[in-house]
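Subject: Structure handover

Hi,

Here is the structure for you to look over. My notes follow below it.

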Amino acid sequence: MSGKGSFENQYPDYDQNTTQTLLKSKDAISEAFQKKLNNFKTSKLQYLTTNLQKEIFHDGTVYTGSAGLSLYYLMTAIGNPDMCNDYLQRALQYINLDNLRGKRISFLCGDAGPLAIATIISYKLSRTCPENVPHYKELTRRLLDLESLCSVSPDEILYGKSGYLYSLLFVKKYINGKDIIPSSHIEKVTSAILASGKQFSAQTKSQSPLLWQWHDKVYLGAAHGMAGILYMLLQAAEYIKSNELRLFVKPSIDWLLSLRFSSGNFPSSLGSSSGDRLVQWCHGAPGLVPLCITAYKKPVHLYRACCFMEWCALERPGSQLHQPDRPASLFEGLLGRIYLAEDINKPMDALFPAFCL
């Protein structure tokens, strides 16, 4: 597909006999491509932390600010045990806990993200953690206290309760063997999300047993809508009663999938006038992939991801249609490409940041 807002795909489709320049095997990239990515990461991290230094500290959030770079270094530390301590120390440089006011709840745009990241860093550094960084138990307490904001927060990922749920699951995953996040706390949050979905569904007499709104619209995508909320509930399935999953979550997913356009894409919201146009993670089919996916380790998808990464790394003239609002950030700028380059080195461990666990 080519035309306004898109580029012609000049890569051949996957063929196991002709992809050696990018793939070494069905689940690993080639040494040549790995070297290219490492060079890309080195040069772009240098550019990011010098030329775009002010942009990094636009704010302290994961989405558009310095906590996004802290998350990158934390996940790099987890994936590289030999240099773990070094990367964790770097991650600390980009966490600012002084500006948190306990008023925003989500991982991406709220206080929960920096707190969750700092909690894991503090725990993993243990005795070598700087004195000015609070103990992980104190940071956990602050994270748990944000639950008081659930009643005045929306349900979606970017600003709401589902984003807070991710924060709890994130800490629980990376601090193993300790009941640092009580199961009862996670159950309380999932129950609040489900109750809100049931209430609005009943109010609107929806065919979906769960329905949520944000800013007076029923959004369907990952950032503000149904796909993101349902996906986060599935990741917390062990904290939800089986009959709730069977009677409410699954039928709601089926209802959501029934709204697909013939192209396979999805509208951004119920009754949307934008039509079959938006294809971002926030709105459109890309955000629904994690919800639907069951066979993500087929090598054809790794090959296509490698093609996209190479296309990004080579920075072809004219490929940037407009300057991002936050050119240094994880979700709008250069850091997103650096994060992808790091993740694709170990494709079987790759996860969409701040969304997949």
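Ser-126 is partly exposed, at 48% relative accessibility. (Buried means under 20% relative accessible area, exposed over 50%, and partly exposed in between, with a 1.4 Å probe and protein chains only.) Ser-126 sits in the loop between H5 and H6. Its phi is near 55°, a positive value in a residue other than glycine. Helices here are DSSP runs of H or I with at least four residues, numbered from the N terminus.

Two notes on the source. This is a predicted model: local features need pLDDT of at least 70, side-chain atom pairs count only at pLDDT 80 or more, and totals for chains, interfaces and linings use all residues. Residues are numbered from 1 along each chain as its sequence is written, and side-chain values use heavy atoms, with hydrogens and water left out.

Lys-205 also has a positive phi, about 55°, and is not a glycine. Lys-205 belongs to the loop between H8 and H9. Its relative accessibility is 72%, so Lys-205 counts as exposed.

Now the helix pairs. H5 (residues 112–125) and H6 (residues 136–145) have axes that come within 8 Å and cross at roughly 160°. H5 is therefore roughly antiparallel to H6. (Axes are lines fitted to C-alpha atoms, for helices over the stretch in contact; angles run from 0 to 180 degrees between N-to-C directions. Roughly antiparallel means over 145 degrees.) The crossing of H5 with H6 is left-handed: by definition, the near helix is turned anticlockwise from the far one by less than a right angle.

On the H5 side, the contact involves Ala-112, Leu-115, Ala-116, Ala-118, Thr-119, Ser-122 and Tyr-123; on the H6 side, Tyr-136, Leu-139, Thr-140, Arg-142 and Leu-143. Contact means heavy atoms within 4.5 Å. The residues of this H5 contact with H6 split into eight nonpolar, three polar and one charged. (Ala, Val, Leu, Ile, Met, Phe, Trp, Tyr, Cys and Pro count as nonpolar; Asp, Glu, Lys and Arg as charged; the others, Gly among them, as polar.)

Look at Thr-140 in H6. Thr-140 is buried, with a relative accessible area of 4%. Its side chain reaches the backbone oxygen of Tyr-136 at 2.7 Å. Leaving aside neighbours within four places in sequence, Thr-140 touches Thr-119, Ile-180 and Ile-181.

H7 and H8 pack at about 160°, with axes 10 Å apart. That makes H7 roughly antiparallel to H8. Their crossing is left-handed. Residues of H7 in the contact include Leu-165, Leu-168 and Leu-169; those of H8 include Ile-186, Val-189 and Ile-193. The residues of the H7 contact with H8 divide into eight nonpolar, four polar and two charged.

H9 (residues 226–235) has eight of its 10 residues buried, so H9 is largely enclosed by the rest of the structure. Those buried residues are Met-226, Ala-227, Gly-228, Ile-229, Leu-230, Tyr-231, Met-232 and Leu-233. Their cover includes H7 (161–174), H8 (183–204), H10 (242–257) and H11 (289–292).

Last, Tyr-47 in H1 (residues 31–50). Tyr-47 is partly exposed, at 38% relative accessibility. Neighbours within four places in sequence aside, Tyr-47 is in contact with Leu-52 and Leu-334. The C-alpha atoms of Tyr-47 and His-215 are separated by 38 Å, with the two residues 168 apart along the chain.

Best wishes

Key
Helix = DSSP H or I, 4+ residues; strand = E, 2+ residues; numbered from the N terminus. Parallel < 35°, antiparallel > 145°, perpendicular 65-115°, else oblique. Polar contact = N/O pair within 3.5 Å; in protein donor to acceptor, adjacent residues only side chain to side chain.
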